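Morning, everyone. I have one structure to show, and I'll keep it short.

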Amino acid sequence: GVHRQILFATLGWFVGYQLVKRAEYMHAKVDRELFEYIRHHPVDFHAATEKKTIGELLEDFHPIR
């Protein structure tokens, strides 16, 4: 009856909450490790000194007709 629906809804909410909490923890752990690696190896992650414009990235357009 209704008591089973309430039980299963509560159980589903609890399991879902725990899974989301674990997923957020795992993503935070990976982010922390990557940022630490970037902090210790700044030479590997240098920013480009000069950004290219869209016109430099795309080829010239020549219509077929």
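Start with the surface. Leu-7, Phe-8, Leu-11, Trp-13, Phe-14, Val-15, Tyr-17 and Leu-19 make up a nonpolar patch there. Together these residues have about 900 Å² of accessible area. Keep in mind that this is a predicted model.

Let me pick out one patch member, Tyr-17. Where does Tyr-17 lie? Tyr-17 is in helix α1. That helix covers residues 2-40. The cut-offs matter here, because buried means under 20%, exposed means over 50%, and partly exposed is in between.

Now the aromatic rings. How many aromatic pairs does the structure hold? Two. In one of them, the rings of Trp-13 and Tyr-17 have their centres 5.5 Å apart. Their planes sit at 15°, so this pair is stacked. Why stacked? Because planes under 30 degrees apart count that way. Look at the spacing along the chain, too. Trp-13 and Tyr-17 are four residues apart in helix α1, so about one helical turn separates them.

Then there is Tyr-37 with Phe-45. These ring centres are 6.1 Å apart. The planes are at 90°, so the pair is edge-to-face. The cut-off for that label is over 60 degrees. How exposed are the two partners? Tyr-37 is partly exposed, with a relative accessible area of 41%. Phe-45 is partly exposed too, at 43% relative accessibility.

On to charges. How many salt bridges does a search of the whole structure find? One. The partners are Arg-39 and Glu-36, whose side chains meet at 2.7 Å, N to O. Both are in helix α1, three residues apart, so they too are separated by about one helical turn. Arg-39 is exposed, with a relative accessible area of 57%. Glu-36 counts as partly exposed, at 33%.

To recap. Tyr-37 and Phe-45 form an edge-to-face pair. And Arg-39 and Glu-36 form a salt bridge.

Notes
Residues numbered from 1 in each chain as written. Predicted model: local features only at pLDDT ≥ 70, side-chain atom pairs only at ≥ 80, totals over all residues. Heavy atoms only, no water. Phe/Tyr/Trp six-rings, centres within 6.5 Å; stacked < 30°, edge-to-face > 60°. Helix = DSSP H or I, 4+ residues; strand = E, 2+ residues; numbered from the N terminus. Buried < 20%, exposed > 50% of the residue type's maximum accessible area, 1.4 Å probe, protein only. Salt bridge = Lys/Arg side-chain N within 4 Å of Asp/Glu carboxyl O. Patch = residues over 30% accessible without salt bridge, like charges linked within 9 Å, V, L, I, M, F, W, Y side chains within 5 Å. Areas by Shrake-Rupley, 256 points an atom, 1.4 Å probe, with all protein chains shown as cover.
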